[in-house]
Amino acid sequence: QVQLAESGGGLVQAGGSLSLSCTASGRTVSSYATGWFRQAPGKERAFVAGVSWNGRSTYYTDSVKGRFTISRDNAKNTVSLQMNSLKPEDSAIYYCAAGTITGRASSYNYWGQGTQVTVSS
């Protein structure tokens, strides 16, 4: 129903920046809330940021507030995550996701394949 594909991951130094992009496809994909999750080794998958279908509401986990910015372009069916001032603890596999309630992690039920982000010290 909804297909998601991430890109933009890579290796960066602490303090650097990286931008992730997600391309979405499927029926009425623009009506979904979209967001980003991440999973580090030995850790549970965690919500990072979400943006509502109309782009008016955004949510961020506390650890990334002020550093990460989520945005979406419904005309292009893309969702982006601009990550600044990266820290080693940001290292994880980042997943693009789509769901029904922007700020509720449990509502996301469509997932991309993930892209690796590694932040070196």
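## Salt bridges, a disulfide and a sheet

Let's start with a charged pair: Asp 62 and Lys 65 form a salt bridge, with their closest N and O atoms 3.1 Å apart. The term salt bridge here covers a side-chain nitrogen of Lys or Arg within 4 Å of a carboxyl oxygen of Asp or Glu. Asp 62 has a relative accessible area of 62%, so this residue counts as exposed. The cut-offs for that label are under 20% relative accessible area for buried, over 50% for exposed and partly exposed in between, using a 1.4 Å probe and protein chains only.

A bit of housekeeping before going on. This is a predicted model, in which local features need pLDDT of at least 70 and side-chain atom pairs count only at pLDDT 80 or more, while totals for chains, interfaces and linings use all residues. Residues are numbered from 1 along each chain as its sequence is written, and side-chain values use heavy atoms, with hydrogens and water left out.

Searching the whole structure turns up three salt bridges. As a general point, side chains of opposite charge can pair when their charged atoms come close. One of the bridges joins Asp 90 and Arg 38 through their side chains, at 3.0 Å from N to O. This pair ties together distant parts of the chain, 52 residues apart: Asp 90 lies in the loop between strand 8 and strand 9, and Arg 38 lies in strand 4 (residues 33-39). Strands, like helices, are DSSP runs numbered from the N terminus (E, at least two residues, for strands; H or I, at least four, for helices). Another bridge has the side chains of Arg 67 and Asp 90 meeting at 2.8 Å, N to O. Here the partners are 23 residues apart, with Arg 67 in the loop between strand 6 (58-60) and strand 7, and Asp 90 in the loop between strand 8 and strand 9. Put together, Arg 38, Arg 67 and Asp 90 are linked in a network of salt bridges.

Is Asp 90 buried or exposed? With a relative accessible area of 1%, Asp 90 is buried. Arg 38 is buried too, and so is Arg 67. Leaving out residues up to four places away in sequence, Asp 90 touches Arg 38, Arg 67, Phe 68, Ser 85 and Val 119, where contact means heavy atoms within 4.5 Å.

Now for the sulfur atoms. The whole structure holds one disulfide, defined as a pair of cysteine sulfur atoms within 2.5 Å. This disulfide joins Cys 22 to Cys 96, with an S to S distance of 2.1 Å. The torsion about the S-S bond is about -80°, so the disulfide is left-handed.

Strand 1 and strand 3 (residues 18-26) pair in the antiparallel sense over six bridges, and the bridge partner of Ala 5 in strand 3 is Thr 23.

Notes:
Pairing = 2+ DSSP bridges.
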